[in-house]
Amino acid sequence: MHTLPPGTFGLPFLGETLNFFTDPNFAQKRHEQYGDLFKTRLLGKPTIFMRGVEANQFVLSNENTYFSVDWPPSTKALLGKLSLALQTGHEHQSRRKLLAQAFMPRALSGYISTMEAITQRYTQRWQQQGQLTWYPELRNYTLDIACKLLVGLDKGSQTRLGHVFETWCQGLFSIPLNVPWTAFGKAKRARRLLLEEMEQIVRDRQQRLSESLNSSDGPESDGSEASDALDLLIRARDEDGQGLSLEELKDQVLLLLFAGHETLTSAIASFCLLTAQSPDVLDKLRVEQRGFDPAAPLSLDLLKQMTYLEQVLREVLRRIPPVGGGFRTVLQDCAYGGYTIPKNWSVLYQIGPTHQDASLYPQPEQFDPERFSAAQLGDRSADQQRYGYVPFGGGIRECLGKEFARLEMKIFATHLLRHWQWTLLPDQDLSMVIVPTPHPRDGLRVAFAAREAG
């Protein structure tokens with residue numbers, strides 16, 4: 001006998017789609033009512049929401065057995081069928097290996113100076129402004145870094161590509177109604193324009209690399225040095241000696257720009273908000289920074305030594321994860337928690353609600369970086385650590401750019417802590433807008449100034 005999880009399907013076809021997109025506490029309310037599993041209908045498809053360590057482990061460890069990656073229809077249409085996010089099986093594994101070259105330690109080390117330079121440029125401008133709405137500025141900041149390090153484009157947020165990219169982002173998680181005035185319709189047009197821009201960038205780069213490789217005295221004649229991720233991806237070859245086609249390069253670069261911009265902006269804005277609200281945490285962060293020589297160049301090794309900063313960033317991503325969960329399609333009937341999960345339904349494993357589990361994280365609403373001290377981590381099992389903390393997803397589809405994101409967050413935080421101070425301005429709404437990624441409703445208005453020495 002098949003027993004489906006509790007819940008309601010809501011309206012015909014639409015189900016509870018509108019509530020899902022507009023209510024930031026949609027899942028939490030229903031979990032409180034129904035438990036760790038509940039059923040609903042999103043975008044015309046029956047969907048089961050699952051939360052908790054065991055649920056995450058069940059979904060993430062059964063990729064390609066019971067579950068296959070899925071995304072809302074709007075996201076699939078706008079990412080493109082050749083995107084790593086939509087690839088499965090051997091194709092996904094092969095492409096993931098190629099794209100991973102852009103995020104190896106050697107590549108990451110090469111990104112540090114660019115990240116620092118762009119951070120300095122922005123912080124100096126924010127000082128001149130004095131008071132500002134920070135979130136839109138942070139979007140430009142992360143987009144400039146992504147454009148420079150991924151495709152070699154300077155000040156990308158101020159280019160045509162940057163402006164079109166923002167329109168594209170706004171439609172990624174929307175109702176897929178393809179008419180000109182909807183967020184999705186505008187984003188579909190933006191995707192076409194983005195792919196035109198990408199094609200020109202890729203073709204120009206391929207020609208430049210070809211010319212330099214054919215030149216006996218060219219600085220890149222041995223192919224050993226890459227100036228950015230696009231260089232690496234154009235040169236990358238799989239085990240059969242095949243590279244990425246032009247069409248695939250365009251979709252993969254678009255995905256990397258999204259991952260290096262949208263979710264990272266949310267994480268950095270959350271760091272700024274939560275530390276501004278926690279003066280004791282901010283004091284401890286600054287005490288730690290005083291233990292390092294400010295003249296010493298930042299490196300992967302030096303950043304690794306900032307253990308309290310690491311705890312704070314982990315708690316930021318627990319408290320306000322940039323991605324709330326991950327969609328999967330059910331490949332075959334399976335059972336979990338006494339319930340049947342039917343074939344062809346959708347499953348959404350829950351990141352946000354898992355991070356609010358009081359049995360894992362006592363007083364989960366508190367911002368408490370000590371949760372991630374070595375002593376407290378030692379009290380948790382390996383499975384609790386692996387599946388109870390999943391801001392970057394998990395399993396074989398864990399976020400490929402995880403270390404890139406962590407590096408940018410650490411460099412940004414280090415510069416802010418050493419040189420600047422920020423305070424929240426009064427009379428603003430700090431509640432979170434969830435779509436496309438969490439950010440304060442009024443855009444995070446702050447006073448920004450240089451720190452006094454000492």
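I am working with a predicted model, where local features need pLDDT of at least 70, side-chain atom pairs count only at pLDDT 80 or more, and totals for chains, interfaces and linings use all residues. I number residues from 1 along each chain as its sequence is written, and side-chain values use heavy atoms, with hydrogens and water left out.

Five of its six residues are buried, so E1 is largely enclosed by the rest of the structure. For the record, buried means under 20% relative accessible area, exposed over 50%, and partly exposed in between (1.4 Å probe, protein chains only). Six antiparallel bridges pair E1 with strand E2, residues 45-50; pairing takes at least two DSSP bridges between two strands. I noted that phenylalanine 38 has phenylalanine 49 in E2 as its bridge partner. Two residues separate the strands of this hairpin, and leucine 43 in the turn has a positive phi of about 50°.

**Helix.** Next I checked H6, residues 105-129. I found a list of buried residues there, including Tyr111, Met115 and Trp126.

**Loop.** Where is isoleucine 175? I found isoleucine 175 in the loop between helix H8 (160-170) and helix H9 (183-214). Isoleucine 175 is partly exposed, at 35% relative accessible area.

Methods
Helix = DSSP H or I, 4+ residues; strand = E, 2+ residues; numbered from the N terminus.
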